[in-house]
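Let's take a look at this model together and see how its parts pack. Here are the sequence and the structure.

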Amino acid sequence: MRVVALFSLIAVSPVAHTQSDNLAAHVHGAANAQLTFDGSDVQMVLTVPMIDVAGFEGNADTDERKARLDAGLRALEAVARAARFAGGECTSRTAQAASQGDEHADEHEHDHDHDHDHGHAEEHAHSDAMLKAAWTCSGDIRALTFDPWQSFPTLETVSFEWIKADGQGSAKLARGTTDLPL
Ligand SMILES: [Zn+2]
């Protein structure tokens, strides 16, 4: 049932759209991550629909929403700091999450003529949370253990793409799975 439901969401849902700065569609429950390995420098950019991080999308225009967003972003940073790499020793350097796609972002520039109509219905406003994390690693990293599932109960998948000196790859972690061979 879940597969059917997800498929129909991707196929027909009006919430799916393509962002100007990211070829991956904005689909609720689906996060995307890029991992780059450059010598000892390892970086991750993770994009998560804000609804899965904070329980809403659009502007954090109340104290209650600001608090939920802040808690979600801090939880995202904690997930990054808890990530573990196999095959080498890695030290977390940074993990910073921020919201994207509020009225100051331009990713909805294709949304016709009501971009900046702040009074416009919020149901059209999609937004993402973006996490940028970096590690310094030694050794030959062969796997990542990444577990966002407990912190983000509505998240269903994280699609990873990575680039290493010896090649590149992609794989999707489904809810409950945490081990990503690289
Ligand atoms: Zn959305």
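## Strands side by side

Start with a residue pair: Ala31 stands opposite Val158, which belongs to β7. That pair sits in a predicted model, so keep this in mind throughout. β3 (30–38) is one of the elements to follow here, and β3 and β7 run parallel to each other, with 7 bridges between them.

β3 also pairs with β4, this time antiparallel, again through 7 bridges. Within that pairing, Ala33 has Leu46 in β4 as its bridge partner. The hairpin formed by β3 and β4 leaves 2 residues between the strands, and Gly39 in this hairpin adopts a positive phi near 60°.

## The overall layout

Zooming out, the protein has 3 helices and 9 strands. Going along the sequence, the order is α-β-β-β-β-α-α-β-β-β-β-β. The chain is 182 residues long, and 30% of them count as buried.

How much of the contact set comes from residues 24 or more positions apart? Taking contacts with a separation of 6 or more, the share is 67%.

α3 covers residues 63–82, which is 20 residues, and spans 28 Å from first C-alpha to last, close to the 28 Å expected at 1.5 Å a residue. Its buried residues are Leu69, Gly72, Leu73, Leu76, Val79 and Ala80. They all end up on the same side of α3 because they cover an arc of only 115° around the axis. As background, an α-helix has 3.6 residues a turn, so residues three or four places apart point the same way.

What does the buried side pack against? The buried residues of α3 pack against β4 (41–49), α2 (50–54), β5 (84–100) and β6 (128–145). On the face turned away from that side, the exposed residues are Asp63, Glu64, Ala67 and Arg81.

## The nonpolar core

The largest nonpolar core holds 39 residues, and the ones with the most contacts inside it are Val53, Leu76, Ala80, Ala129 and Leu131. Two or more residues each come from β3, β4, α2, α3, β5, β6 and β7 (157–164). β6 is the top contributor to this core, with 7 residues. In soluble globular proteins, nonpolar side chains tend to be buried together.

Ala129 is worth a click in the viewer. Setting aside neighbours within four places in sequence, Ala129 is in contact with Val48, Met50, Val53, Gly72, Leu73, Leu76, Ala97, Ser99 and Gln100. Among them, Gly72, Leu73 and Leu76 are also buried residues of α3.

How values were computed
Residues are numbered from 1 along each chain as its sequence is written. This is a predicted model: local features need pLDDT of at least 70, side-chain atom pairs count only at pLDDT 80 or more; totals for chains, interfaces and linings use all residues. Helices (H or I, at least four residues) and strands (E, at least two) are DSSP runs, numbered from the N terminus. The expected span of a helix is 1.5 Å times one less than its number of residues. A residue is buried if 20 or more other C-beta atoms lie within 10 Å of its own, exposed if 12 or fewer, and partly exposed in between; C-beta atoms are placed from the backbone. The arc is that of the directions from the helix axis to the C-beta atoms. Two residues are in contact if their C-beta atoms, placed from the backbone, lie within 7 Å. A nonpolar core is a set of buried Ala, Val, Leu, Ile, Met, Phe, Trp, Tyr and Cys residues joined through C-beta atoms within 7 Å. Two strands pair if DSSP finds at least two bridges between them.
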